Amino acid sequence: MRRTPLDAWIAARLGLPDLAPDAVEARQLEALRRTLAHAARHSPFHRQRLADLPPGFPARRADMAALPLTTAEDLAARGEAMLCVSGGEIARVVTLETSGTSGPPKRLFFTPEDIEATLDFFAVGMSTLAGAGDAVLVLLPGRRPDGVADLLARALPRIAARAVLPPESWTAGDLVRLMKREGVTRMVAAPSQLRGLLDDAEFSRAARARLAALLSSAEPLDAGLRADLERAWGCEVFDHWGMTETGWGGGVECAAHAGYHPRMADLFLEVIDPLTAAPLPLGEPGELVLSTLNRRGMPLIRYRTGDAARLLPGPCPCGCPLPRLETVPGRIEPHGAGWRTVHPRKGKRCICNDF
């Protein structure tokens, strides 16, 4: 089985000869110390929250629990106070509705360096399922500069592949004609888009004849839809997890399909109890919390994603020794005295409405 290409990329980004988990975590902690110092120096929001940290903090993974969590409501209310650079250094601003509230939207800010990091991840992540000569049909939205479709179109040539973008308002028939004309061999789409195409007999015939693999992204992929796609189209289905807060890219499956390999050179992930906020050990389900490691414009520190998740201990069947992120089943929602996972309504369009 082919090992995830993210391994070599993470080792190179962290300056390590191999991926010994302890060495990776040590480099992540070094990056966290730089991020905390950068945020405390330049961000009014973080300066107050990070005051009086001892030298060398965090020395251990467990130390991170001493830092306050950042919420979506914090982003909405004080997002601009989280900025660490001037407005002139921002290349892209993304505005998102805050799930479950009627308050102001969240705004996320990215510098050209932050965008470049995502391009780099998109290229290596797509090399999991695509390579030289492949034509990739991209159905995800985001044609604007630095939107998701635009970033994929710019990243694919780095692995000698190319993006095929359909008209922004397409039909299944349009896609069939485009696949034939452009020699499409791979596809990237959201589960709601895939579910709709699965019901179209003409598209399914074209997909079965042409697609060797596809990437599902932007929404949780349920096991039933994955099985239906593999059976109807005869192609390998890879899943990707990410959100705007991760810079869109977050983690991608390898050929073992045993969880996402996270973007560990750029993200530090924790899982907490959604009710008590206590950190949970590997293997325990809870809420995913992330900290960005190298983001200059708007670092996120212990950001509550609202995603249900479980970190799986290594090794992966592909040979990667690092922890993986189990397939994200949905969002955390309070339920009685506890919590439950809610899957986005089937048939709903992309939940990431600003790509």
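## Terms and background

A residue counts as buried when its relative accessible area is under 20%, as exposed when over 50%, and as partly exposed in between (1.4 Å probe, protein chains only). This is a predicted model, where local features need pLDDT of at least 70, side-chain atom pairs count only at pLDDT 80 or more, and totals for chains, interfaces and linings use all residues. Residues are numbered from 1 along each chain as its sequence is written, and side-chain values use heavy atoms, with hydrogens and water left out.

## The whole chain

Let's start with the big picture. There are 10 helices and 16 strands here; these are DSSP runs (helices: H or I, at least four residues; strands: E, at least two), numbered from the N terminus. The chain is as compact as a globular protein of its length, because its radius of gyration of 20 Å is close to the 20 Å that the globule rule gives for 355 residues. That radius is taken over C-alpha atoms, and the rule is 2.2 Å times the number of residues to the power 0.38.

Of the 355 residues, 54% are buried. The C-alpha atoms fill a box of roughly 65 × 45 × 45 Å, taken along the principal axes.

## A look at helix α1

Helix α1 covers residues 6-14, and its buried residues are Leu6, Asp7, Trp9, Ile10, Ala11 and Leu14. What covers them? The cover includes α2 (21-42), α5 (112-126), β8 (251-253) and β9 (260-262), with contact meaning heavy atoms within 4.5 Å. Just after α1 comes Gly15, with a positive phi of about 70°.
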